[in-house]
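Subject: Structure for you to look at

Dear colleague,

I am handing over the structure below, together with notes on what turned up in it. Please read them with the model open beside you.

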Amino acid sequence: MNTNRRDALRKLIFTPALFVAPTILTAAAKDSIEPIAQRIQYSVNAYSFNDEFRSGKMNLFDMMEFASEIGLNAVDLTAYYFSSYPRLPKKNEIFTLKKRALELGLNISWTGVRNNFVTANVESRKKDQEMIKNWLDISSMIGSSILRVFTGRNLPDGYSKEQVKTWLIEEYKLCAKYGEQTGVIVGLQNHNEFLFKADEVIEILEKVNSEWFGLILDISGLRTTNDPYAEAEKLAPYANYWFIKEHVYHNQEKKRTDMSKMASMIKRHDFRGYVSFESLSDGNPKEIIKEMVYDFKREFNKN
C-alpha cells in the first residue's frame, strides 16, 4: 500500500493535463522548470472559540473575520457551531457562509462532526453513519475538501479492542465510499479516545485502504508515550491535514509545543496542504492563536 495518499491524489489531479494540453507540456519541457516550493496554508479550528460560541459572544462569521484579519488562508467549521444545529443547515445558511468566506479571501477547508463508532449499538452506529453522509454532502456543497470524524470513546463491556477495530474499519470503509461520491476526504482525527498510539491509527488507515479516507494528525492527541514527536513522525506520511495545539503530552504530562520540532517535521515530510491551529487553554483564544501562528511561521520560514 502506498502510505503517502497525498502523492496519489496529486497524480489524480495532474494526470488529465497530459491529454488536455500536450503542446503546452511539450513547449514547457524545452525549458528548465524550477521545482515548486513546499506550499503550506494556514487555518484555525472553530473549537478554539467554543466558549465564545456557546455564550453567543461569537459566531462563525466572527471567526472568519478574525482569520482574515491575521492573514490565515482558511477556517475549519464544525457541525455543532452552525446556527441550525442539531438540525442540518439549509442551503441559504451554507451559501451565506461560503459567500462570506470568498469575500474575506478565505477557504472553508474542513468540516467536522462528532460520531461514536465504538458503541456495540448497531443502530447507533448506523445513525452516525447517516449523519456523516449528510455532512459529506454539506461539505461538498460548502467547498470543504475534508470532513473530520472520530472513533468514539470507551471500550464497550464484553468486547475486545480487536473486535471494536473491525467495527471501525467497516464503518470507515462505508464513509470513504460515500466520500468518493461527494469528492470529500473522510479524515480520522487521532483524538486520544480509543486509538492512543500511532501504530493503532496506522493499522486502521491501512485496513480501510482508501484514497478517500485519511488522517487529520493531531499532535496533542498522542499522549501515552514519552515522545509525542516520535509518534507524530510515524503518522506524518499519512497526514492529509495537521492540527497544532499549544500543548503536547509526554506520558500524559502537558508541555508546551515545540514549534521548531513541528515545523521541521512538516518540512521534512514535504507536506503540502493545511496546517490548522487550535487553542484549548484558558485565556483570550484570539491572542493565543495569533502567538501560535507567529511562532510556527517563524520556525517554518527559517532556512
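Leaving aside its neighbours within four places in sequence, Lys267 is in contact with Gln38, Glu299, Phe300 and Lys302, where contact means heavy atoms within 4.5 Å. Lys267 itself lies in helix H11, residues 259–268; helices (H or I, at least four residues) and strands (E, at least two) are DSSP runs, numbered from the N terminus. Lys267 counts as partly exposed because its relative accessibility is 32%, given that buried means under 20% relative accessible area, exposed over 50%, and partly exposed in between (1.4 Å probe, protein chains only).

Before going further, please note that this is a predicted model, in which local features need pLDDT of at least 70 and side-chain atom pairs count only at pLDDT 80 or more, while totals for chains, interfaces and linings use all residues. Residues are numbered from 1 along each chain as its sequence is written, and side-chain values use heavy atoms, with hydrogens and water left out.

Next, the strands. Strand E10 (residues 273–278) is largely enclosed by the rest of the structure, because six of its six residues are buried. Strand E1 (residues 40–45) runs parallel to E10 and is joined to it by five bridges, two strands being paired if DSSP finds at least two bridges between them. Within that pairing, Ser43 has Ser276 of E10 as its bridge partner. Strand E7 (residues 239–245) also runs parallel to E10, with four bridges between them, and there Ile244 stands opposite Phe277 of E10.

Strand E3 (residues 107–112) is mostly covered, with five of its six residues buried. E2 and E3 run parallel and are joined by five bridges, and the bridge partner of Asp76 in E3 is Trp110. E3 and E4 also run parallel, here with three bridges, and Gly112 has Arg148 of E4 as its bridge partner. Two right-handed β-α-β units involve E3: one is made by E2, H6 and E3, and another by E3, helix H7 (residues 122–142) and E4. A crossover is called right-handed if, with the strands pointing away from the viewer, the path from the first strand over the helix to the second runs clockwise.

Several backbone details may be worth a look in the viewer. A cis peptide bond, with omega of about 10°, joins Tyr85 and Pro86, and Pro86 is found in the loop between strand E2 (74–78) and helix H6 (91–103). Asn154, a residue other than glycine, has a positive phi near 70°; Asn154 lies in the loop between strand E4 (146–149) and helix H8 (161–182), and it is exposed, with a relative accessible area of 59%. Asn192 likewise has a positive phi, near 55°, and lies in the loop between strand E5 (185–189) and helix H9 (198–208). H9 is followed by Asn209, whose phi is positive as well, near 55°. The buried residues of H9 are Ala198, Glu200, Val201, Ile202, Ile204, Leu205 and Val208.

On a 1 Å grid over the protein atoms alone, a cavity is a set of points where a 1.4 Å probe fits but cannot get out, and a pocket is an open set with protein on both sides within 12 Å along at least five of seven lines, lining residues having an atom within 4 Å of a point. Grid points are joined across faces, edges and corners, and a volume is the space filled by probe spheres set on the points.

The second largest pocket has a volume of about 290 Å³ and is lined by 19 residues, of which Arg114, His191, Lys245, Glu278 and Leu280 lie nearest its centre. By this rule there is one cavity of 30 Å³ or more. The largest cavity holds about 40 Å³ of space, and its lining consists of Thr151, Leu188, Gln189, Asn190, His191, Glu193, Phe194, Leu195 and Val201.

With best wishes
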